[in-house]
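Here are my notebook entries from a friendly first look around a new model. Have it open beside you and follow along.

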Amino acid sequence: MAHGMRMDTHSGYADDGGGDWRDTATRYALLPLRVFLGVTFIYAGLDKLTDSAFMSDAGAGSIGDMMRAVRDSSAVPALIDLSLKNPVGFGYAIALGELAVGIGTLIGLLARLAAFGGALISLSLWLTMSWASDPYYFGNDLPYLMAWLPLVLAGAGVFSIDAKLRSRRRRRTGAY
C-alpha cells in the first residue's frame, strides 16, 4: 500500500468471481444505472409511439405544438426549425431512437454506442426542450446527459451481451 491506495484491485470488469467486496462492487457499480436508463428510455419510446396525440403535427400534447412552444427559448432554434419541417417524422425518429438506446443499454449490446446515442438524445433535448429551465438544474435532460457519460466511457460490464461476446472472443483466441 502506498499513501492509502489499494494496489491489489482488479479492473472491475473481468467477472472472475474472485476478489473482495470492493471488487464485486466495482464490477456491478454501473448495473443499476444501466437498468434505470435502459428501462426509462424504453418506456419513453413506447410512450411516444403509443400516444396518438403526441404523434401529430398540431393539437393538445402534439410534438408539433410542443416544439413550436419552445422554439424561441431554446439554445439552438435551428434544430427545432429543422424538426418542424416534419414534426411527426421527427417524433418517430426520437421515439425509435429512445427505444433502440434503451434496449441496447438494458441488454448491453453495443452498449457504448447505445449510451452515446442516449447522451446525444439527452443533449439535444436539453438544448431545445429544457434549455429555458431556471435555474438550469431544474431541467431534467441535463442530469440524464451526465448519467449517460459513465456508460459511454466504461461500457456495459457485467450481465451484457458485449461481455459475453468479449469472453467468447478471448476463449477463441486464447487471450486474456
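This is a predicted model: local features need pLDDT of at least 70, side-chain atom pairs count only at pLDDT 80 or more; totals for chains, interfaces and linings use all residues.

**Entry 1: a helix pair.** At what angle do the axes of α6 and α7 cross, and within what distance do they come? I looked up the pair and found a crossing at roughly 160 degrees, with the axes coming within 8 Å. Angles over 145 degrees count as roughly antiparallel, and α6 and α7 are therefore roughly antiparallel to each other. I noted the crossing of α6 and α7 as left-handed.

Next I listed who touches whom. From α6, the contact takes R112, A114, A115, F116, G118, A119, S122, L123, L125 and W126, and from α7 it takes D141, L142, Y144, L145, W148, L151, V152, L153 and A154. Sorted by class, this contact of α6 with α7 has 15 nonpolar, 2 polar and 2 charged residues.

**Entry 2: the loop between them.** I then turned to the loop between α6 and α7, where P135 is found. The peptide bond that joins D134 and P135 is cis, with omega about 0 degrees. I wrote that down because most peptide bonds are trans.

Entry 3: Most residues other than glycine have a negative phi. L110 sits in the loop between α5 and α6.

Entry 4: I looked up α2 and α5, which pack at an angle of about 155 degrees with their axes 7 Å apart. That makes α2 roughly antiparallel to α5. Their crossing is left-handed. On the α2 side, the residues in contact include R34, V35, F41, I42 and K48, and on the α5 side they include Y92, I94, E98, L99 and I107. I counted the classes here too: the contact of α2 with α5 divides into 16 nonpolar, 4 polar and 3 charged residues.

**Entry 5: the largest pocket.** How much space lies in the largest pocket? I read off about 580 Å³. Of the 26 residues that line it, K48, I94, E98, L125 and M129 are the closest to its centre. The elements that give two or more residues to the lining are α2, α3, α4, α5, α6 and α7. By class, I have the lining down as 15 nonpolar, 6 polar and 5 charged residues.

Note on methods. Residues are numbered from 1 along each chain as its sequence is written. Side-chain values use heavy atoms; hydrogens and water are left out. On a 1 Å grid over the protein atoms alone, a cavity is a set of points where a 1.4 Å probe fits but cannot get out, and a pocket is an open set with protein on both sides within 12 Å along at least five of seven lines; lining residues have an atom within 4 Å of a point. Grid points are joined across faces, edges and corners, and a volume is the space filled by probe spheres set on the points. Helices (H or I, at least four residues) and strands (E, at least two) are DSSP runs, numbered from the N terminus. Ala, Val, Leu, Ile, Met, Phe, Trp, Tyr, Cys and Pro count as nonpolar, Asp, Glu, Lys and Arg as charged, and the others, Gly among them, as polar. Axes are lines fitted to C-alpha atoms, for helices over the stretch in contact, and angles run from 0 to 180 degrees between N-to-C directions. Angles under 35 degrees count as roughly parallel, over 145 as roughly antiparallel, 65 to 115 as roughly perpendicular and the rest as oblique. A crossing is left-handed if the near helix is turned anticlockwise from the far one by less than a right angle, and right-handed if clockwise. Contact means heavy atoms within 4.5 Å.
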